[in-house]
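Please work through each task with the structure at hand before reading the solution.

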Amino acid sequence: MKPQFYKGNRDAFMEKLEPGSLALFFSGSPVRKTADEDYGYFANRNFVYLTGMEQKDTVLMMEKDASGYRETLFILPPNLIEERWTGSRMKPEEIEAVSMISSFAYKETFEEELKKVLTSGRIQKVYLDIDRMEGQVVVSAADSMEAFLKQEYPSMPIENSLPIMKMLRLIKKPCEIRAMEKAQEITKAGILAMMTHSKPGMYEYQYKAEYDYALAQHGVLEAGFPSIISAGKNNFCIHYYGYRGQAMDGDIVLNDVGVRWDNELTDVSRGWPCNGKYSSRQKLLFECQYKTSEHMFSMLKPGIPMKEVDAEIRRYCFEQLKEAGVCKSFDDIGTYMWHGGAHHVGFDTHDVVSARDAIIQPGMVFCVDIGIYHEEWGIGFRLEDNCLITEDGCRNLSKDIPRTVEDIEAVMN
Ligand SMILES: [Mn+2]
């Protein structure tokens with residue numbers, strides 16, 4: 001992504017604020033795993049969306065007044081000893097090249113600067129990016145800052161930036177779509193590697209190894225999110241991460257995987273027979289999925305309420321299952337359809353956007369995910385693609401990843 005993208009995101013965010021507002025965004029810090037080992041560090045996505053950089057312990061401060069806004073990035077200072085162990089820290093000129101931020105200060109001065117700004121009389125409210133989940137254990141930097149401000153500046157109103165960020169992230173820009181298209185190509189390589197190596201007796205971890213290997217060959221060193229790769233009965237666990245099961249002759253192998261490229265994700269699912277040939281029952285259910293998916297792609301366009309997407313998937317898929325003689329009454333559809341499938345994709349797999357009551361608009365990207373689970377027959381799979389809404393319809397971004405019985409059998413044999 002070009003630095004103009006990140007600068008544009010900051011402009012768009014600050015546009016929504018009134019003069020007298022101060023906004024703080026934190027990249028976050030690594031979380032300790034054990035002893036002197038941390039979990040893999042993952043920068044806060046809203047921070048990345050605004051800056052394009054992922055360095056830990058960094059703070060973006062933006063202040064709006066009547067004439068516009070000014071910004072400062074508080075970064076870690078150079079530290080030769082630390083950098084010898086953990087690698088070099090980004091220098092201001094390197095950060096400017098990715099973010100177009102040109103005003104810097106060292107992190108150790110942040111509290112002092114914050115105090116100066118908050119006591120200047122210019123600030124009427126502070127925006128923090130607060131995104132808590134129920135039962136959350138780890139306290140984010142924004143959470144800590146909220147507690148600090150409530151303690152030290154109890155009369156200072158605090159607002160949440162998250163609703164604005166969710167609105168901005170909802171509509172994808174052309175450069176985001178290009179990154180997603182590249183991510184789709186690599187996702188395809190990963191899924192094809194699993195399909196073409198597939199054979200009865202293969203373990204789920206061997207499929208996963210094929211996927212990870214194919215990604216690494218394209219410079220993607222980590223799957224976009226924890227890969228779901230399951231076989232046979234394990235397909236009935238929707239978020240399965242066991243990897244120890246074995247695909248036996250006649251089993252379906254199911255993947256639900258993604259790739260992150262330039263911060264944009266994919267989220268694609270396919271289910272194929274490990275022996276390369278769908279049985280008649282597998283084919284019957286697969287056709288119901290496929291027809292439902294095609295139906296959705298034919299009807300999705302700007303103007304439709306988002307909540308109708310899942311409802312229509314359910315209704316249409318029921319019709320297919322009824323015609324196939326699998327499900328007689330709509331009341332029983334829950335026996336075979338266990339989940340909806342219209343979550344947005346972007347900087348996150350389950351993208352943090354406000355879409356609950358949204359009307360479908362050009363630039364949205366969401367999953368069309370049709371899952372059918374027939375426990376009695378031992379067949380469970382889903383067909384999940386990524387749909388970009390265009391001016392007059394939509395485009396299936398993952399259409400080149402084999403998605404019909406014929407295409408899947410052709411690549412496997
Ligand atoms: Mn998925």
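**Exercise 1.** At what angle do the axes of helix α8 (residues 174–197) and helix α12 (residues 405–412) cross? Classify the pair by orientation and describe its contact by residue class.

*Solution.* The model is a predicted one.

Step 1. The axes of α8 and α12 cross at roughly 65 degrees, and they come within 8 Å.

Step 2. Angles of 65 to 115 degrees count as roughly perpendicular. The two helices α8 and α12 are therefore roughly perpendicular to each other.

Step 3. On the α8 side, Leu 192, Met 195 and Thr 196 take part, and they meet Ile 408, Val 411 and Met 412 of α12.

Step 4. Sorted by class, this contact of α8 with α12 comprises five nonpolar residues, one polar residue and no charged residues.

**Exercise 2.** Which residue ranges form domain 1 and domain 2, and how many residues does each domain give to the contact? Characterise the side of domain 1 that touches domain 2.

*Solution.* 

Step 1. According to the domain assignment, domain 1 covers 3–169 and domain 2 covers 171–412. Their C-alpha centres are 35 Å apart.

Step 2. Domain 1 contributes eight residues to the contact, and domain 2 contributes ten.

Step 3. Within domain 1, at least two residues of the side that touches domain 2 come from each of α2 (45–51) and α7 (162–170). The largest share, four residues, belongs to α7.

Step 4. By class, that side of domain 1 consists of five nonpolar and three charged residues, with no polar ones.

Technical notes:
Residues are numbered from 1 along each chain as its sequence is written. This is a predicted model: local features need pLDDT of at least 70, side-chain atom pairs count only at pLDDT 80 or more; totals for chains, interfaces and linings use all residues. Domain bounds come from an automatic or database domain assignment. Two residues are in contact if their C-beta atoms, placed from the backbone, lie within 7 Å. Ala, Val, Leu, Ile, Met, Phe, Trp, Tyr, Cys and Pro count as nonpolar, Asp, Glu, Lys and Arg as charged, and the others, Gly among them, as polar. Axes are lines fitted to C-alpha atoms, for helices over the stretch in contact, and angles run from 0 to 180 degrees between N-to-C directions. Angles under 35 degrees count as roughly parallel, over 145 as roughly antiparallel, 65 to 115 as roughly perpendicular and the rest as oblique.
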